[in-house]
Amino acid sequence: MILETERLTLRPWKDEDAEGLFEYAKDPDVGPAAGWMPHKNVKESLSVIRNVLDGPQCYAICLKGTDAPIGSIELILNGGYAETDAYDACELGYWIAKPFWGQGLVPEAARELMRYGFNELGMSVIWCAAFGGNTKSMRVQEKIGFTFVKKVEGLKIEGIGKTVDLYVTKISKEEFMGTICGADCTNCGMKAACKGCIKTCGKPFGGTCVAAEYIKAGGKKAYEEFKEMLRQEINELLKSMDIPEALALYELAGSYVNLGYELPSGETVKFLNDKNIYLGCQIEVPDWELCCGVVADASFILVVRYGINGSDPELICYKKR
Ligand code: SF4
C-alpha cells in the first residue's frame, strides 16, 4: 500500500533503504526517544528493515518526488499494550530524522495513516505513547487530536536499558472524524451547509439525527442493534409488497429524501423534515423502471417509488411504528 499526502509519500520499507536508514538512525537523538538504540552499521539497519520495519502497516516516510526515507510511521496491529490487543484497536508509532524536525511532517503523515486506519482497516481507536520528557512527541500527539489517558510509571524499556515514565494517549474514530457516529463527512456534498455533528450535539442541520439520538442514549452498540431491528421490520414490509430486501440502511440527510408528493387536488405534500437525518436506502426492483426507496426512523417507515433524481415520486406505503 502507498499513501500520499500533500508533501509526503508513505510506502513499505525495502532492503535498498538500508544505507539511507543508517545515516539517520545512527543519530543518538532519534532512536532512544522512541525506545531503540542508535544503529551501529548498515548491516544492522538492514536487519531492522527486515525484522522490525516489516509490519503490514509500517511505512517509510519519503518526501514527495524522492524515494529516500526520512522517517518511519506505523500502525502496530494487535501489539504494544493490552489495550491494542483487539481487532479494532492499534498503536501509532513514528520517528523522523533530525534535519526534518519542526516542519509538521509527522502530523501530516499521521493524519493520513489514521484516516486509512479508521476508514479502511476498521479501527475504532488508535493508541499512542511518549516517554516522559519527550515533549516533541507529546506535542505531535496533541496536535493530531490524541488525549491523555494514563501515566505508566517506572517502565523498563529493554531496547535502551532504561526505566522511563510512559504517557499513554488515544483517539477514537468519532473524535478523529468529528462526528458522533464516526461517519467520514469529508466528501459529503452538504459539507458547506453542515454545522458539524459534535459541535451541534448531533443536530448539524438543526433537526434531529436518528443515529446521534440512539448513540447518545445507549452507545454505538444500541444504535447498531436498533438499525438491524429496523432493517428486519422494513424487510417484512417489503416482502409483503414483493420488493427485494434492504441489505443495509444508511444515514440520509432529510433534504435529500424529503420528496414532494402530488395530491389529486394538485397540491404537493411532504412528510419529512429537511433538517433531520433519517435511515434508508435505495432498492433495485426487477421489472420496475422506477427506483424504490425506503426512509425510516424510530417512529415510521416510508416506502416510495420515484424516477431519476427523485422525480415523480409516488408514495407506496407509510407505516407508523
Ligand atoms: S449521521 Fe448523525 S451522528 Fe452521524 S455524522 Fe451525521 S449527524 Fe452526526
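1. In this predicted model, L155 has V164 of β8 as its bridge partner. The two strands concerned, β7 and β8 (residues 162–172), pair in the antiparallel sense, and eight bridges join them. Helix α5 (residues 135–143) packs on the sheet here, where it touches β6 (125–131) and β8, and its direction makes about 160 degrees with that of β6.

2. The sheet to which these strands belong is open and has eight strands, in the order β1-β2-β3-β4-β5-β6-β8-β7, and its pairing is mixed. Its edges are formed by β1 (3–4) and β7 (147–157), and because each of these has a single partner strand, one side of each is left without a neighbour in the sheet.

3. Helix α3 (residues 42–51) has S45, V48 and I49 as its buried residues. Seen down the axis of α3, these buried residues fall within an arc of 100 degrees, and they therefore line one face of the helix. An α-helix has 3.6 residues a turn, so residues three or four places apart point the same way. On the other side of α3, by contrast, K43 and N51 are exposed, while the cover over the buried residues of α3 includes α1 (18–25).

4. A further open sheet is made of five strands in the order β9-β12-β13-β14-β15, with antiparallel pairing. Here β9 (250–253) and β15 (314–320) stand at the edges, and since each has a single partner strand, one side of each is left without a neighbour in the sheet. From one strand to the next, the twist averages 30 degrees.

5. Within this five-stranded sheet, strand β12 (residues 277–283) and strand β13 (residues 291–296) pair in the antiparallel sense over five bridges, and C281 stands opposite V294 in β13. Helix α7 (residues 210–240) packs on the sheet and touches β9, β12, β13, β14 (300–306) and β15, with a direction that makes about 30 degrees with that of β12.

6. Finally, which residues are the closest to the ligand? They are T179, C181, C197, C209 and E251, out of the 13 residues that surround the ligand. Taken by class, the shell around the ligand comprises 10 nonpolar residues, two polar residues and one charged residue.

Notes
Residues numbered from 1 in each chain as written. Predicted model: local features only at pLDDT ≥ 70, side-chain atom pairs only at ≥ 80, totals over all residues. Near = placed C-beta within 6 Å. Nonpolar A, V, L, I, M, F, W, Y, C, P; charged D, E, K, R; others polar. Pairing = 2+ DSSP bridges. Helix = DSSP H or I, 4+ residues; strand = E, 2+ residues; numbered from the N terminus. Contact = placed C-beta atoms within 7 Å. Axes fitted to C-alpha atoms, helices over the stretch in contact; angles between N-to-C directions. Buried ≥ 20, exposed ≤ 12 C-beta atoms within 10 Å, placed from the backbone. Arc of directions from axis to C-beta.
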